[in-house]
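User: I want to learn how to read helix packing and nonpolar cores. Can you walk me through an example?

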Amino acid sequence: ITLRGRVASLLEVGTGFHPDLTGRENIFLNGAILGMKRPEIAAKLDEIIAFAEIEKFIDTPVKRYSSGMYVKLAFAVAAHLEPDILIVDEVLAVGDASFQRKCVAKMGEVSGHGRTVLFVSHNFGLVQALCSRGVYLDQGKVAYIGSATDAIHACRRSYEVAPPARLGNERLLRAVTLVDATGRVSDLILPGRKVVFQIETAPTDFIIQVILRVNDSNQTLITSFDSANPGLRDTQPSPGPLRYCVVDDFLLAPGRYQLDIELWANGHRLELTEAALWFEVGEGEMDGRFIRAIKATGVVPLRHHWITDGSVSAVADIR
């Protein structure tokens, strides 16, 4: 590894801290390790303490800190002492949600000022938001180097070729098929169109409850469908092997999605199959509006229209 410039790392909770020193003393210790002079550190001291949100405990020995306080102070020191290269691992998961947002914003600020952030994570959303370049490692070897988006795609593809993960020994699930609005079997659908999930199970003499969970490519649960939650248009449940979940308007933005399937009976989960099906929502038109595959689209393209006329008729349309 060839380094050009001052390096700061945040790889493990408490790395580089002396447990018997206070938070304030550890700030100066870390700055000295980075090669900074005392006046440089002192100029940043108040900013570091405020960012870490531990003003009341800054003169307490860090051995009495919680893991979250450790991370807050460690990140504040690493980010504010202006290293040329900042190395950050998954350690940020220890902090609370609001502090994680602050850290992400700070890393974006650091990289935006011409410095390098080496961010190691399984959180695809954060990687895509923060990084311009990506390296995908598989079994400790470099599998792909390129743009962050392409590196994420390479990692996702490795998940998709793996067999579905199962919990349970019943093996009741035989097949799951996605049928598009034209009635054809497909793994590509368009936003706002009708979609049918066909689930085939092994023959049983009891009624199986089916739960479908749709996750985005970052493994975030987007929505779910439960056959035991009846609606006005549902047919009477039966022990037959085929079930159809008909979604009249599939309002998801373009992207790659994963379907997990749970099978239940009499209040007990019989089987869980993760990644039973991968499918793509492509770009398409909905209510005359083109839905593009861009970050600004978000997750759900809601049906809507715009009114620019302030007349009485326009107001009536809103009502």
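Predicted model: local features only at pLDDT ≥ 70, side-chain atom pairs only at ≥ 80, totals over all residues.

User: Which residues make the contact of α3 with α4?

Analyst: α3 supplies V71, K72, F75, A79 and H80. From α4 come F99, C103, K106, M107 and V110. By class, that contact has 7 nonpolar, 1 polar and 2 charged residues. The crossing of α3 past α4 is left-handed.

User: At what angle do α2 and α3 cross?

Analyst: Roughly 140 degrees, for α3 and helix α2 (residues 38-52), with axes that come within 8 Å. Roughly antiparallel needs over 145 degrees, so α2 and α3 are oblique to each other. α2 passes α3 in a right-handed crossing. On α2, K44, E47, I48, F51 and A52 make the contact; on α3, K72, L73, F75, A76, V77 and H80 do. These residues divide into 7 nonpolar, 1 polar and 3 charged.

User: Now the cores. Which residues touch the most other members of the largest nonpolar core?

Analyst: The general idea first. In soluble globular proteins, nonpolar side chains tend to be buried together. Here the largest nonpolar core has 44 residues, and I27, L73, F75, M107 and F119 touch the most other members. Helix α3 (residues 67-80) gives the most to this core, with 9 residues.

User: How many residues are in the second core?

Analyst: 27, in a separate core that includes V176, V195, I208 and L259.

Definitions and conventions: Residues numbered from 1 in each chain as written. Heavy atoms only, no water. Core = buried A, V, L, I, M, F, W, Y, C linked by side-chain atoms within 4.5 Å. Buried < 20%, exposed > 50% of the residue type's maximum accessible area, 1.4 Å probe, protein only. Helix = DSSP H or I, 4+ residues; strand = E, 2+ residues; numbered from the N terminus. Axes fitted to C-alpha atoms, helices over the stretch in contact; angles between N-to-C directions. Parallel < 35°, antiparallel > 145°, perpendicular 65-115°, else oblique. Left-handed = near helix turned anticlockwise from the far one by under 90°. Contact = heavy atoms within 4.5 Å. Nonpolar A, V, L, I, M, F, W, Y, C, P; charged D, E, K, R; others polar.
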